[in-house]
Amino acid sequence: MTSLIDVIFLLLLFFMLSSTFSKFSEVELSAGSTGSGAVSETAPLFLELGEEALRLNGQSLTLDALAQAIDSTRQSERQPLLVSLKSGATAQRLTDLLVALRPIKGLSLTVLGGRG
């Protein structure tokens, strides 16, 4: 009869060899903070995120063209951006959007809740 330690070693070896170790990417999220009391003179950009649709200030876009569209419509160095989640927008879709917005510097991002 095989000893218990041999069985445990074989199971450990099996699970170590059959597992895959992949690195997941991280998306930085910052929590909201108290307001400064100052009113910004810059009008915010409005981004609607749906299941398939993506609209910046009413103009339909793709994720690839989003950075160029934001750069062409931004009005200040610290541009506010409101993201409205429409029904059907998944967490993966929001994550893809956040990854696409990551290289754009100077955005003040606010994610609004979606409608049922």
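Which residues form a nonpolar patch on the surface? I began my notebook with that, and found L4, I5, V7, I8, L11, F14 and F15. Together they have about 730 Å² of accessible area.

**Entry: confidence**

Before going on, I reminded myself that this is a predicted model. I looked up the mean pLDDT of the protein chain and noted 79. I also noted that 78% of the residues reach 70 or more. Among the elements, helix 1 (residues 4-18) has the highest mean pLDDT, at 90. Strand 5 (residues 107-112) has the lowest, at 83.

I went back to one member of the patch, F14, and placed it in helix 1. Is F14 buried or exposed? I read a relative accessible area of 52%. The cut-off for exposed is over 50%, so F14 counts as exposed.

Next I asked how many aromatic pairs a search of the whole structure finds. The search gave one. The pair consists of F14 and F15, with ring centres 5.3 Å apart and planes at 65°, so I wrote it down as edge-to-face. Both of these residues also belong to the nonpolar patch.

In what order do the five strands stand in the open sheet? I found 3-2-1-4-5, with mixed pairing. Strand 3 (59-60) and strand 5 stand at the edges with a single partner strand each, so one side of each has no neighbour in the sheet.

**Entry: strand 1**

On one side, strand 1 pairs with strand 2 (residues 54-56) in the antiparallel sense, over three bridges. A hairpin of four residues joins the two strands. I picked out L47 and found L56 as its bridge partner in strand 2.

Strand 1 also runs parallel to strand 4 (residues 79-85), and five bridges join them. For L47 the bridge partner in strand 4 is V83, while F46 has L82. L49 stands opposite L85 in strand 4.

**Entry: strand 4**

How many of the seven residues of strand 4 are buried? I noted five, so strand 4 is mostly covered. Strand 4 is also joined to strand 5 by six bridges, and these two run parallel. Here I found Q79 opposite L107 in strand 5.

My last stop was N57, in the loop between strand 2 and strand 3. As for cover, N57 has 43% relative accessibility and counts as partly exposed.

Methods
Residues numbered from 1 in each chain as written. Predicted model: local features only at pLDDT ≥ 70, side-chain atom pairs only at ≥ 80, totals over all residues. Heavy atoms only, no water. pLDDT = per-residue confidence, 0-100. Patch = residues over 30% accessible without salt bridge, like charges linked within 9 Å, V, L, I, M, F, W, Y side chains within 5 Å. Areas by Shrake-Rupley, 256 points an atom, 1.4 Å probe, with all protein chains shown as cover. Salt bridge = Lys/Arg side-chain N within 4 Å of Asp/Glu carboxyl O. Buried < 20%, exposed > 50% of the residue type's maximum accessible area, 1.4 Å probe, protein only. Pairing = 2+ DSSP bridges. Phe/Tyr/Trp six-rings, centres within 6.5 Å; stacked < 30°, edge-to-face > 60°.
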